[in-house]
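Here is a short briefing on one protein model.

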Amino acid sequence: MALPENRKLVAGNWKMNGTLAFLDTVAEMRVGAAGGLAEADLLVCPPATLVSAVATALDGSAIAVGGQDCHAETSGAFTGDIAAEMLADCGATHVIVGHSERRQYHAEDDATVAAKLRAAHRAGLVAIACVGETKDEREAGNALAVVRAQVEALLDDTITGANTCIAYEPVWAIGTGLTPTVDDVAQMHTSIRETIAARIGTDEAARLRLLYGGSVKPSNARELMAAADVDGALVGGASLNAADFLAIARAC
Ligand code: PGA
């Protein structure tokens, strides 16, 4: 079980959405979260083009800013890529790594994701590492084993509750409106926590926040966030609307 003092984290993943006009929505979020929310810490992960502007717009607010991906190297001939250090330089404190859309569309394997996770730590960023099974893997009864292997591939002795979150995002639940049952979410999160504990110890594993992601909305957030071993949410579509995003945070 997670430690009772763990505050939940609600992180918004804007994916490839948002231009400078979106700063109006950011301003709404800032006002809505003024003074901090009792229920949860807040994070938004805009596209890389907006990280700097959003970090400036949210400076001194209760909402932190993160990137959606980073390269494993610090610098070099990697056209179009962004180093974790560059995100930190723009005001990011977190970065998502291993999102299923990166794994699917950019052929990122577990080793690549692990290298990106280490890069995030090297840059002083909290890594939000995503794992999750496909529909076929769940239907074949392999979800727990698939996710356990994905988590094990990320673990080493440098992982702590302070520098890493794991986001369980069943691929079939992302952007589909489908969600696993609360029992399935709890079973998976407890299994992930046990896998982490076996590597870094029970106390440290209890401090590591496990987020659920995949079609989280204001209408289902309360029951999903109440599931065992769920320490927050990674929210895609609903994080693009200030009222919905804040409603999810308040439901924690
Ligand atoms: P969704 O996306 O909330 O739109 O399903 C979640 C994610 O991909 O992180």
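A107 sits in the loop between α4 (100–105) and α5 (110–122). This is a predicted model.

**Positive phi at A107**
- The phi of A107 is near 50°, a positive value in a residue other than glycine.
- A107 is exposed, because its relative accessible area is 66% and the cut-off for exposed is over 50%.

**Positive phi at K15**
- K15 is not a glycine, yet it has a positive phi of about 55°.
- The loop that holds K15 runs between β1 (8–13) and α1 (23–32).
- How accessible is K15? Its relative accessible area is 21%, so K15 is partly exposed; buried would need a value under 20%.

**Largest nonpolar core**
- The largest nonpolar core has 69 residues.
- L42, V44, I166, I192, I196 and Y212 have the most contacts inside this core.
- Which helix gives the largest share of this core? Helix α8 (residues 182–200) does, with seven residues.

**Second core**
- A separate core of 12 residues is also present.
- Among its members are L9, A167, L211 and L234.

Note on methods
Residues numbered from 1 in each chain as written. Predicted model: local features only at pLDDT ≥ 70, side-chain atom pairs only at ≥ 80, totals over all residues. Heavy atoms only, no water. Core = buried A, V, L, I, M, F, W, Y, C linked by side-chain atoms within 4.5 Å. Buried < 20%, exposed > 50% of the residue type's maximum accessible area, 1.4 Å probe, protein only. Helix = DSSP H or I, 4+ residues; strand = E, 2+ residues; numbered from the N terminus.
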